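Q: Hey, I'm new to this one. Can you walk me through it?

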Amino acid sequence: MIIGETSELLHCSTIALTIAVNSIGVGIGEGLAISAAIEAINIQPAAKNDIARISIIGMALIETAAIMGTTISTILLLDSRTHHASLYTGIAELGIALAICLSGFVLGLVSALPAQQAVLAVARQPFFSQKIFRFMLITQSIIQTPLVFGFIIAMFIKDQAASTISLANSLRLVASGLAIGVGSIGPAIGLAHFAQAACRSIGINRNAYNKLLSFTFISEAIIETPIIFALIVSLLLITTSIAPDDMLTAIAMLAAALCIGLGTIGAGISSGKTAASAAYQIALNPDNYSLLSRISMFAQGIIDTCAIYGLLIALMLIYFR
Amino acid sequence: MQETELLDSQWNLKWLGLNHSFFTIDVTTVVNTWIIIGLLIIITIPLRFILKKKESVARYLVTSFTSSFMEICQQTLGIFSFAHFSFITSLFIFIFLCNTIIVVPWLQEPTKNLNTTFALGLISFVYTQIFAIKSHGIINYIKEYFSPIFVMFPLHVLGKLATIISMSFRLFGNIFGGAIITHIYMQAVEGSILWETLGLISGTNLVILLFFGLFEGFLQAFVFSMLTLTYLSIALQDESDILL
């Protein structure tokens with residue numbers, strides 16, 4: 001009996017954590033965005049309509065993290081557990097919580113950064129509000145990629161959790177959630193840092209808009225690379241089947257998840273910071289665009305090699321240990 | 001009752017001996033998509049006659065919508081191109097109708113099925129790549145994958161694939177989430193007359209439908225078409241402008 005109750009405890013905590021942790025991040029993020037909007041209205045009262053509209057849309061985009069969390073929570077809640085679920089299903093569901101909570105919390109928090117700088121940029125350039133609005137929309141949508149990946153992995157884990165019958169297999173699913181959850185922290189912070197700098201740069205020099213737009217797309221694709229590595233490891237962990245009593249491989253898989261997850265943090269953050277300073281310099285000096293963008297992309301490529309080492313070792317831990 | 005059972009069923013090709021789930025068709029999604037296409041036709045044909053009248057509200061609405069989208073396309077692409085304008089605008093109108101069809105009773109959004117959003121993501125990706133090849137030539141297009149050095153090739157390929165996945169799953173996740181929340185609210189309210197009246201009078205029904213149906217649907221359709229437009233503008237730019 002105690003096993004069934006523990007399983008139920010794990011199930012219910014997963015449901016609660018999934019929405020609660022996401023809501024913390026989203027709540028703080030929305031507060032940051034709207035406080036910046038009020039400050040911006042103070043700076044430039046003439047643009048108050050534009051600023052209000054932009055901040056409301058920005059908040060709706062930040063809300064995505066909470067909507068995804070609610071969706072996963074509800075799917076888990078509605079899933080009727082007619083039979084007495086085994087303890088292993090409960091453990092495997094912790095993977096869902098890891099996948100959605102970590103990425104949702106960080107993204108709810110950092111999605112506010114571009115929205116903040118965008119409203120301040122509108123306060124500086126009131127006649128350029130349309131383009132700044134579209135730029136904020138695009139950058140905010142792109143930085144939500146880690147959350148989308150976490151959502152995909154959570155759905156996959158949900159699909160397999162019910163039929164898990166051994167501890168080794170449930171640890172494999174937890175490892176999958178851990179890889180995408182921890183792996184999304186660094187790239188999310190890096191992407192948001194870059195998007196913040198890019199929105200600020202448009203406020204400084206609106207003539208650099210076209211250059212900054214193309215630079216944004218190339219840089220964000222490179223900053224996103226570590227999270228794609230984490231997604232690959234996660235998907236491999238989900239699709240690889242292991243024997244029910246093969247605990248050693250399961251432990252190696254947990255280590256592989258930690259390896260790729262922690263390995264992407266440094267690469268993601270510093271790659272974002274490199275691109276952020278390049279974007280700022282492009283705004284100050286649009287003529288040097290070609291030199292600055294080339295150096296920045298080259299440096300980002302080198303920084304990403306750290307994540308590639310992490311990926312190599314993670315793959316070896318899964319397959320050749 | 002009969003209708004819902006018909007709509008929830010699936011069509012398949014088992015009578016041909018094809019037993020894979022790939023050949024199964026989700027009837028709800030397909031029928032709803034057809035209804036939306038029919039609605040588009042029904043709206044469009046009378047508009048041609050309404051537009052001939054000089055002073056009417058419909059004429060004002062249509063012209064202001066069209067001119068705002070023309071302005072957005074021209075600002076983003078640098079030049080005005082009718083082909084790109086009509087592609088982006090039809091993408092927006094179709095996704096917007098797909099997302100907001102939930103305000104009509106008994107209909108469901110086709111975009112809450114992953115197959116629809118994935119198809120939309122593929123359409124926008126293929127369109128962008130075709131025009132990138134057309135404007136730069138196939139050799140320069142392939143060269144871009146190997147820039148700045150050839151080692152970057154896998155990263156470029158992964159990046160392109162990730163754009164399809166993130167675009168289609170972003171649309172799917174938001175609409176699916178909204179649909180689930182609306183569905184739960186409706187289930188909770190439907191049970192008793194008291195709650196139904198309370199929801200109707202206090203306006204909670206309206207607020208939930210407005211936010212998750214109309215506002216979220218509009219926002220996601222706009223985000224999807226703007227992302228496509230911006231990817232297109234990046235693809236059409238001279239690569240000398242980007243890299244050298």
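**Walking through the model**

A: Let's start with B:Thr29, which sits in helix α2 (residues 27–50) of chain B; helices (H or I, at least four residues) and strands (E, at least two) are DSSP runs, numbered from the N terminus. This is a predicted model, where local features need pLDDT of at least 70, side-chain atom pairs count only at pLDDT 80 or more, and totals for chains, interfaces and linings use all residues. Residues are numbered from 1 along each chain as its sequence is written, chains are lettered from A and ligands numbered from 1 in the order in which they are written, and side-chain values use heavy atoms, with hydrogens and water left out.

Q: OK, is B:Thr29 buried or exposed?

A: B:Thr29 counts as buried, because its relative accessibility is 13%. The cut-offs are under 20% relative accessible area for buried, over 50% for exposed, and partly exposed in between (1.4 Å probe, protein chains only).

Q: And what is B:Thr29 in contact with, leaving aside neighbours within four places in sequence?

A: B:Pro110, B:Asn113 and B:Thr116. Contact here means heavy atoms within 4.5 Å.

Q: What does the rest of chain B look like?

A: Chain B has ten helices and two strands. From the N terminus on, the order is α-β-β-α-α-α-α-α-α-α-α-α. Of the 244 residues in chain B, 39% are buried. Looking at contacts in chain B between residues at least 6 apart in sequence, 67% join residues at least 24 apart.

Q: Where is B:Trp106?

A: B:Trp106 is in the loop between α4 (82–100) and α5 (114–136) of chain B. Its phi is near 70°, a positive value in a residue other than glycine. B:Trp106 also counts as exposed, because its relative accessible area is 80%.

Q: Switching topic: how many residues of chain A are in contact with chain B?

A: 40 residues of chain A, and they meet 41 residues of chain B. The two chains bury about 3,600 Å² between them, with 80% of it on carbon and sulfur atoms. That's the accessible area (1.4 Å probe) that two parts lose on being put together, summed over both. In chain A, A:Ile67, A:Arg134 and A:Phe217 lose the most area to chain B, together 16% of what that side buries.

Q: What about A:Asn22, buried or exposed?

A: Buried, with a relative accessible area of 0%. A:Asn22 lies in helix α1 (residues 2–43) of chain A. A polar atom of the A:Asn22 side chain lies 3.1 Å from the backbone oxygen of A:Ala65. Residues that A:Asn22 touches, not counting those up to four places away in sequence, include A:Gly69, A:Ile100 and A:Phe105.

Q: Last one: which residues touch the most other members of the largest nonpolar core?

A: A:Ile51, A:Leu137, A:Phe149 and B:Phe222, out of 113 residues in that core. A nonpolar core is a set of buried Ala, Val, Leu, Ile, Met, Phe, Trp, Tyr and Cys residues joined through side-chain atoms within 4.5 Å. Its largest share, ten residues, comes from helix α9 (residues 204–236) of chain B. Leaving aside neighbours within four places in sequence, A:Phe149 is in contact with residues including A:Ile180, A:Leu231 and B:Ile165.

Note on methods:
A polar contact is a pair of N or O atoms within 3.5 Å; within protein, one must be able to donate a hydrogen and the other to accept it, and residues adjacent in sequence count only if both atoms are side-chain atoms.
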